[in-house]
Structures are given as C-alpha cells and as structure tokens.
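Student: Please take me through this structure, one question at a time.

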Amino acid sequence: MDFNTLPQLDLANRSVFLRLDLNVPLLDGVIQDDTRIRAALPTIQYILERTNKLVIASHLGRPKGKVVASMSLEPVGQRLSELLQREVLLVQDYAEEPIDSLIAQLGKNQVILLENVRFHAEETEGNEVFAQNLMKGIHIYVNDAFGALHRAHSSIYEAAQQVPRESRAIGFLIEKEIAALTQLTVNVRRPYTLIMGGSKVEDKLAVILHLLEHCNRLLIGGAMAYTFLEIQGYPIGNSFVERDKRALCQSILDIAQARKVEICLPIDHVCGQSLDANTPHQVVEGIAIPAGWMGLDIGPKTIRLFESYIMNSSTVFWNGPMGVFEWPPFAKGSLKVAEAVARCNGFTVVGGGDSVSAVNQAQVAARISHVSTGGGASLAFLEGTPLPGLRVLEKRTEHGG
Ligand code: AMP
C-alpha cells in the first residue's frame, strides 16, 4: 500500500477537505477528554501553515441521520478555536451554504468546521451526491480519521473520489498508525506475544487467525477465555461462555498447534457470584471454577505467568481487557498486564477502547511504543483486509487506475 503523505502534496493556496475523528466524550455539552482534538493539531497546523482554505469534517456519536443537539460539534469547535487561536465557523447545512462560496469568503484567521456529518443519513449510506456537496470547490482531500477508516461512509469513501488520486493524502496520525501496525505483521521481531481479551471471540476471530501466522504465543484472558477452557473439558461454573463459538475456538487451538504457537489460558481466576459490581468475590486457585461462581478476572498466578511471557517479548500486541476491569475487584489483571506491557523493552502496541482505557488507568501510556487511537479500525487493519477508507487513498489501485 502506498499513500501520499502531507509533505508530498503542494498545498499552497489550495482548498483542502480534512476528515478527522473528533468524536470526543461529551457530558452536558462539556468535553470530558480533548485528546482527539489535540492529536489532530499537527495535521491541521501543517495545512494551515500552507493554506487558509481548510474545511474540517468529523462525526460525533451515533445520531443516526438526525440532528441531535447533544451530539453537536459546537463544543469541539470552541475548543479547536482556543487551541488554534482562530475563528472556527460551524457550518450547519452544506447544501444550503455551499462549501465553495464559504471558502471564497473565508478570512485569513478563520477555518470551517462542518457540523456532525452523521446528522445526515446520507453519510452512513455512502451517498455520492452528499459527498459532491461536501467537496464543492475542494482541490485536496486529506483523511486523518484513523478510527473511521473501516467504514465506507460518504465523507470517508465517496468524498475522496471527488478529486484525482494524486490529490488525496493521509494525515500524520494515520501515517503513524500504519507504520506501527505494519510492524506487527512485517519483519516482526521475536518472540512475539499476542494478548487477547474482552468478551466476544467472534469479533476478534479474523485478527487472531491472521496474527497466528506471525506470533509465537497467544495469551487469552477476559470472558473469551472461558469458552476455550470449556472445550478443553474444565468446569467453568457460571462464567460467560459462547456455546455457539466452540467450534471456532477449537479451530483457533488447532491452527495454533499446527503453527507451533503456544496458547496460554488462565490457570487461576478472580470469581464473582453474579455479573454485578458489588458481587462477593474470591480468588479461585487452579483452572476449574466451582459451581455458582463466574470468572471475572485472571488470578494472581495467571498474572505472573502472563507477565513473564510479556517481559521476555520483542513484540507485543494487546487487545481486550483481562476481566471486568470497570469494577475495581476485577481490574487487577488488566492493570497488571498494562504495566507489564509498559515495562517490556520490545516493540509494544495496544489497540481497542477497553485495553486503551486500562493503559490510561494504569498511567503507562507514555511507556508503550504505540497506543492505537482506533479500536475497530486497528483490528480491521490487522485482519489483513484493506479498509475502504485506505483503499480509496492508495496512490494506485491494483489495476493501476
Ligand atoms: P470487548 O468489547 O469484546 O473487548 O469486551 C470488553 C468487555 O468485556 C468489557 O466491558 C469487560 O467488562 C468484559 N469482560 C472482560 N472479561 C470478562 C469476563 N470474565 N466476564 C464477563 N465480561 C468480561
């Protein structure tokens, strides 16, 4: 895959459409965490140093094609304005206020922010006319919304096609993500440890299967571990189990064995009596879980075992929590894994919303080689199938077009 990066394009005085992921958490109109806005600044500033004709678009939440006041980008515009020291013009209706005439009137110290693209049903439908409106009078399309690249939405896919391939580029965030994630499958340094957790094995199956071609060990925690333990004949009490996924789990075990990938499952657990924050809990020594109890976190011996694998790795990829880390009695496994990944001297990548939260809770993000900003997109990228939002930005198609 070969893409134009920003320095490869001549932006001087050109009009630029920039698709970002400014999907920040909001509570009563107040931004709870502006990481995504600050992460977009290098790309925005690079463009603004070369042209003031900049139109920024983003989604926020899932308004499902309707105007939902609580999902307006207005607070994002205000924060952006403070950070950029520029006036941010929030444009509500891109058909009524055509982009080309807005750009023509744009002052030197102004920038355009389009209101939440998902307020329009056409965005998620991948509508072409909608994309044409977004791109009216635009010369260059830049995408830096890594977390949205796996969606063939209008502002991601159709909009890029409104300009020639040589006028499409990836922003600095996507460039960083691709460089880091590529290191998990190309010229990998060994030993390579893959840590998977979370609840649903099906969501991660394609990634596991693809990375099994590259890794040396697979550590499995979280709810998904119990289906694996069950098919190996261990009693798992009332633990979460995906009975219809037994065959999938068995195929992962078989493929791992054929490829000589070591599989590590929990050898002890922190159990609760029900899926409840205040449920009584206890450490269950050994693999078997007694009747009436459910595994809600990996136990202390498993933590030590996982730590030893992680610490002597040259490459680590972690996705999905080791337990119900949202509740303090069951958070230790995920926090200890986060700390071990941070202590590992190898190349370490964490992807996926919950594992990233665990890394932030453990305050170790700065010591991890790469913390991916896009959960679903990083998994989709690692499945090895091209993401629609990237395919459309490639310099050439497979057919040379
Ligand atoms: P996922 O979105 O598949 O990465 O799953 C994340 C969710 O899995 C989190 O909300 C965790 O609380 C949940 N989870 C992790 N371990 C367990 C477990 N042992 N039992 C039930 N839920 C779990």
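Student: Is tyrosine 141 buried or exposed?
Tutor: Keep in mind that this is a predicted model, in which local features need pLDDT of at least 70, side-chain atom pairs count only at pLDDT 80 or more, and totals for chains, interfaces and linings use all residues. Residues are numbered from 1 along each chain as its sequence is written, and side-chain values use heavy atoms, with hydrogens and water left out. The word buried means under 20% relative accessible area, exposed means over 50%, and partly exposed is in between (1.4 Å probe, protein chains only). Tyrosine 141 has a relative accessible area of 0%, so tyrosine 141 is buried.

Student: How many aromatic pairs does the structure hold?
Tutor: Rings of Phe, Tyr and Trp (its six-membered ring) pair if their centres lie within 6.5 Å; planes under 30 degrees apart count as stacked, over 60 as edge-to-face and the rest as tilted. By that rule, the number of aromatic pairs in the structure is 3.

Student: What is the angle between the planes of phenylalanine 17 and tyrosine 141?
Tutor: These two rings form an aromatic pair with their centres 5.7 Å apart. The pair is stacked, and the angle between the planes is 15°.

Student: How many residues apart are phenylalanine 17 and tyrosine 141?
Tutor: Helices (H or I, at least four residues) and strands (E, at least two) are DSSP runs, numbered from the N terminus. Phenylalanine 17 sits in strand β1 (residues 16-19) and tyrosine 141 in strand β7 (residues 140-143). The pair links distant parts of the chain, and the separation is 124 residues.

Student: Is phenylalanine 17 buried or exposed?
Tutor: The relative accessibility of phenylalanine 17 is 0%. Because of that value, phenylalanine 17 counts as buried.

Student: Why is the pair of tyrosine 94 and phenylalanine 130 called tilted?
Tutor: The ring centres of tyrosine 94 and phenylalanine 130 are 5.9 Å apart. The pair is tilted because the planes are at 45°.

Student: Which helix holds phenylalanine 130?
Tutor: Its partner tyrosine 94 is in the loop between β5 (87-91) and α3 (99-105), 36 residues away. Both residues, tyrosine 94 and phenylalanine 130, are buried. The helix that holds phenylalanine 130 (residues 128-134) is α5.

Student: How far apart are the end C-alpha atoms of helix α12?
Tutor: The expected span of a helix is 1.5 Å times one less than its number of residues. Helix α12 (residues 332-343) has 12 residues, so it should span 16 Å. The model agrees, with its end C-alpha atoms separated by 16 Å.

Student: What covers the buried residues of α12?
Tutor: The buried residues of α12 include Gly333, Val337 and Val341. Among the elements that cover the buried residues of α12 are β9 (192-196), β14 (294-298), α11 (300-311), β15 (315-319), β16 (347-350) and α13 (353-361).

Student: Which residues point one way from β9, and which the other way?
Tutor: Strand β9 is mostly covered, with 5 of its 5 residues buried. In a regular strand the side chains alternate between the two faces of the sheet. From β9, Tyr192, Leu194 and Met196 point one way, and the other way point Thr193 and Ile195.

Student: How many disulfides does the structure hold?
Tutor: A disulfide is a pair of cysteine sulfur atoms within 2.5 Å. The number of disulfides in the structure is 0.

Student: How far is the nearest cysteine sulfur from that of cysteine 249?
Tutor: Cysteine 249 is in no disulfide. The nearest cysteine sulfur belongs to cysteine 215, at a distance of 16 Å.

Student: Which residues are in contact with asparagine 312, leaving aside neighbours within four places in sequence?
Tutor: Asparagine 312 lies in the loop between α11 and β15. With a relative accessible area of 45%, asparagine 312 is partly exposed. Contact means heavy atoms within 4.5 Å. With those neighbours left aside, the contacts of asparagine 312 are Pro191 and Arg217.

Student: Which residue does a cis peptide bond join to arginine 190?
Tutor: At this bond, omega is about 0°.
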